[in-house]
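Please look over the sequence and the model shown below before reading on. The briefing then goes through the structure topic by topic.

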Amino acid sequence: MAATDTLPDHPLPELLKRVGFLRRRRGFGSATQLLWNRVESDDSLLALCRIRTDLTDEDQAILKQCQERLDTARWCLDKPTGRWSFSFWELIHDVDGLLLLVMPQHMLVPRALEIQQQFARRVTDSRALLWLGTDKEIGPLPQCVRRLTRVDGPASGASTPPLLDAEQSRYCRSVLRGALDMVNQQVDKTFWQLSINVLIQVLSTLLLLAVFGASFVILSRTLVTDWPRSLVPWGLLLVGFAGASGAIASNMMAKERFVVATGATSRFFAYHLLVKPVIGAFAALVLLFLEQSSMLLSVETRDGPAGAVDGSGILHIVVSDGQAAFFTMMALAVVAGWSADKLLSSVMDKVLRRLLGQSEKVLPPSSPAGAPPPPPLAPAAR
């Protein structure tokens, strides 16, 4: 027996007993491991902030809130099914912002530099001008970063500026927290848009497979050979399914940049998975009615009745037999369902924007009690 076999086994470190590391042993994916690493990293930073000797009652309350959010984030991540990913990231972002208020200044410096770099790279709208300034040097965010890193301009005359007092430090930390919140909002918006697009594409695939299955059940040789005499009722249903499949396929190809990333997302799913297929089916049926009435186009066979091609339709499509006429009409129905949303997209976009504006429930500011009403506007001079 080797001498090493008689040595006692060392106990597992406390960190390895946590649920995240146990999950790794059970074969969970790398994405889950990264999420657990993020939680444990915030927890270790929280432990380092607790050992400060100058903690105030406000700091203690902030640390307690951070611990509650981390425990809730672990619970969200530990769910075997139906994880609350959006709630998880909201809690993690909240912890990151709160830790900026209590961490020591020497630990705050690298975070401040990282936040400034992320803000300049991700926030590119008009809000960036308010935070960074016109030349990205005179805004509140660059000034606070310079104060925390103790780097002044060349005209300051001091090689190492003095440390910040409590009020200045609180101000700089609050500015950093606000900037980090804007960065997280931008990242979450992109994440929500990607998540909604992918989920709509997956659900569209399942819906398209269901339409294919129903079409195969309805489709028969008699329906194809007797077209268009067998138009009612199964022919109408097949044409509607063809138009709906075209609209569903357009969902799988499009990458929509939604007006908002959070909020009334169920309306987006209802529009793409219910409204668009119904619009595609309706457009296909309208095209079929126009074809049967020969008002706009007509699909005729070569062995059809004499003079059938000389109808009043603008567009004549001549095919070999009735089977070719059936499948030509189905192809036209798919194209009609695909392009119906493109033709009506401007109208539907206006409707969606109005629905989203109502869902935000933004109320105008109320006037204080007893305040006189505003004076009426003077009539314009003619």
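The points below cover the overall fold, confidence, salt bridges and a few selected places.

This is a predicted model, in which local features need pLDDT of at least 70 and side-chain atom pairs count only at pLDDT 80 or more, while totals for chains, interfaces and linings use all residues. Residues are numbered from 1 along each chain as its sequence is written, and side-chain values use heavy atoms, with hydrogens and water left out. The protein has 12 helices and 2 strands. Helices (DSSP runs of H or I, at least four residues) and strands (runs of E, at least two) are numbered from the N terminus.

**Overall fold**

- Along the sequence, the elements follow the pattern α-α-α-α-α-α-α-α-α-α-α-β-β-α.
- Of the 382 residues in the protein, 36% are buried. Buried means under 20% relative accessible area, exposed means over 50%, and partly exposed lies in between, with a 1.4 Å probe and protein chains only.
- Among contacts with a separation of 6 or more, 67% join residues 24 or more positions apart. A contact means heavy atoms within 4.5 Å.
- The accessible surface of the protein is about 23,600 Å², and carbon and sulfur atoms hold 62% of it. Accessible areas come from the Shrake-Rupley method with a 1.4 Å probe; for residues, only the protein chains shown count as cover.

**Confidence**

- The average pLDDT of the protein is 77, and 72% of the residues score at least 70. pLDDT is the predictor's confidence in each residue, from 0 to 100.
- Helix H5 (residues 105–122) has the highest confidence, at 90, and helix H1 (residues 19–25) the lowest, at a mean of 52.

**Salt bridges**

- How many salt bridges does a search of the whole structure find? The search finds 11. A salt bridge is a side-chain nitrogen of Lys or Arg within 4 Å of a carboxyl oxygen of Asp or Glu.
- Asp43 and Arg74 form a salt bridge, at 3.6 Å from N to O. Asp43 lies in helix H2 (residues 30–50) and Arg74 in helix H3 (residues 57–78), so the pair ties together parts that are 31 residues apart in sequence.
- Asp43 is buried, at a relative accessible area of 13%, and Arg74 is buried at 16%.
- Asp43 and Arg74 belong to a network of salt bridges that also links Glu40 and Asp71.
- Glu58 and Arg170 form a salt bridge, with their closest N and O atoms 3.9 Å apart. Glu58 is in helix H3 and Arg170 in helix H8, so this pair ties together parts that are 112 residues apart in sequence.
- Glu58 is partly exposed, at 43% relative accessible area, and Arg170 is partly exposed at 46%.
- The side chains of Asp125 and Arg127 form a salt bridge at 2.9 Å, N to O. Asp125 is partly exposed, with 35% relative accessible area, and Arg127 is partly exposed with 28%.

- Helix H4 (residues 85–99) has 15 residues and reaches 21 Å from its first C-alpha to its last, close to the 21 Å expected at 1.5 Å a residue. The expected span is 1.5 Å times one less than the number of residues.
- The buried residues of H4 include Phe88, Leu91, Ile92 and His93.
- Val202 lies in helix H8 (residues 166–218) and counts as partly exposed, at 43% relative accessibility.
- Val202 is one of the residues in a nonpolar surface patch, which has about 840 Å² of accessible area together; the patch also includes Leu194, Phe212 and Phe216. Patches are made of residues with over 30% relative accessible area and no salt bridge; like charges are joined within 9 Å, and nonpolar side chains (Val, Leu, Ile, Met, Phe, Trp, Tyr) within 5 Å.
- Ser245 is in helix H10 (residues 231–253) and counts as buried, at 10% relative accessibility. Leaving aside neighbours within four places in sequence, Ser245 contacts Leu208, Val211 and Val334.

**A loop residue**

- Lys136 sits in the loop between helix H6 (127–132) and helix H7 (140–149).
- The phi of Lys136 is near 60°, a positive value in a residue other than glycine.
- Lys136 counts as partly exposed, at 48% relative accessibility.
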